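Dear colleague,

Please read the notes with the structure open beside them.

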Amino acid sequence: MTITATATDADPAPPNRYAAELRPVLQDIMSRHRERWGATKEWDALADFQRELGKAGWGAPQWPVEIGGRGLGVVDTLACDTEFARVNAPQRVAVFGTNNVGPTINTFGTDEQKVHLSAILSGDEFWCQGFSEPDAGSDLAGLRTRGEITGDGFLINGQKVWTSIGLNATHCMVLARTDPDAPKHAGISALLVPMDTPGLTRRPIRQINGEAEFAELFFEDVFVTTGALLGPLHEGWRVTMATLGFERAGVISIAGKLVDDVMKMAHSDAVAGASPSLRHRVLDVYAGARILQWMGERALANINDPVAAGTASSLIKQAFSLLSQRFAEVGADLAGMDAIAGIASEAAHRLLTSRASTIAGGTTEVMKNILGERNLGLPREPR
Ligand SMILES: Cc1cc2nc3c(=O)[nH]c(=O)nc-3n(C[C@H](O)[C@H](O)[C@H](O)COP(=O)(O)OP(=O)(O)OC[C@H]3O[C@@H](n4cnc5c(N)ncnc54)[C@H](O)[C@@H]3O)c2cc1C
């Protein structure tokens, strides 16, 4: 299937004032970006896009003004995200820093650590999250990477896996066990680690869709000073829950992109010639994405209580990830044989990639456990 609809200058001005402010800035950045990089998805091009956004003051508009953002709430951020989708902007690889690690540093970091925030905005630093391990994914608190306390710092030994942008990131937020004798949730600390620290090596993981967006990280006597500790010693679990809350809430932004993608699909040649039942499925996904977007905006815009925010994020994350898979399946059915001809087809690529959405940031089953325990009062799983 070829997606034919693209944004034009004749599109009506966005009703949101921040989106209206962003549109000409983005057009300017995009025209220079396309001239310099074309449509390549190479890391250097994607990193350069963040640098340009940072220079223009749009590195992370959702951040508070005092740390270099524009203080945008959920609704305004989503309106701006729609602008990015509208011009088919490059993937924003700084997202792990801007959406997850950056807000965590802002919440728990020392003044020295907060220096990283401006580097994230400017695209001088790209952060990844070293949480999952070969035997610790859903059961993250079972992680075994050791952060031995040496007096002047920590000596890290262990392995991480599925580290998004881990091949190119400059820094990593690493979870390590700093008290092996404490109960498993209690002996973990969060450490801020430059990726060029001696002893840290990375290997690519090739995925089913042909890309290698993940790395495995190996830590062999990697030393960081005490200044690397983010939040209190042994309280990394609390720090991480904040990071994961930020991450899950972030999917609402992707829901906005889904709305835009369905709109483009709806205008494609394939839908014009599709059977009524396939067209109904496109509409179903559109309706689902819109409802999810509105509910997410409403839920997240008014929540200050972190537990309630966590519940809302889990609901949104679960609903969105399932919907994005339905979208990919409709796209594959519209594409017909193209979809199974090979991963070069956009529909096939999307279909294969969509399988990850119910795993990333916590699987659907884990989201259900959270809802079951917190909302329905079901007995907690033994941990
Ligand atoms: C796109 C993507 C990006 C990612 N990026 C990162 C990253 O940047 N950094 C990082 O650290 N990790 C990252 N991950 C890893 C991700 O966090 C883990 O894959 C995820 O937490 C699941 O862990 P696992 O793969 O070990 O599966 P497992 O935990 O082994 O789960 C296997 C299956 O068992 C089910 N299951 C497990 N426990 C329970 C339970 N208690 N109740 C019911 N069912 C259960 C799961 O739902 C799943 O179906 C990423 C993953 C993806 C797909």
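The C-alpha centres of domain 1 and domain 3 lie 22 Å apart. The domain assignment gives domain 1 (17-92), domain 2 (127-235) and domain 3 (250-374), with bounds that come from an automatic or database assignment. Please keep in mind that this is a predicted model, in which local features need pLDDT of at least 70 and side-chain atom pairs count only at pLDDT 80 or more, while totals for chains, interfaces and linings use all residues. Residues are numbered from 1 along each chain as its sequence is written.

The ligand

There are 19 residues around the ligand, and F131, G137, S138, A360 and T363 come nearest; a residue is taken as near a molecule if its C-beta atom, placed from the backbone, lies within 6 Å of it. The elements that give two or more residues to this shell are β1 (127-130), β3 (153-164) and α13 (364-374), where helices (H or I, at least four residues) and strands (E, at least two) are DSSP runs numbered from the N terminus. Domain 2 and domain 3 each supply at least three residues of the shell. By type, the shell holds seven nonpolar, ten polar and two charged residues, with Ala, Val, Leu, Ile, Met, Phe, Trp, Tyr, Cys and Pro counted as nonpolar, Asp, Glu, Lys and Arg as charged, and the others, Gly among them, as polar.

The cores

The largest nonpolar core has 58 residues, and W127, C172 and L191 make the most contacts inside it; such a core is a set of buried Ala, Val, Leu, Ile, Met, Phe, Trp, Tyr and Cys residues joined through C-beta atoms within 7 Å. A residue is buried if 20 or more other C-beta atoms lie within 10 Å of its own, exposed if 12 or fewer, and partly exposed in between. Strand β7 (residues 214-225) gives the most to this core, with six residues, and the core draws at least three residues from each of domain 1 and domain 2. A second, separate core of 24 residues includes M265, A319, V330 and L334.

Two backbone points

Most residues other than glycine have a negative phi. N88, however, has a positive phi near 50°, and sits in the loop between α3 (74-86) and α4 (95-108). W162, in strand β3, has a positive phi near 60° and is buried, with 21 C-beta neighbours inside 10 Å.

With best wishes
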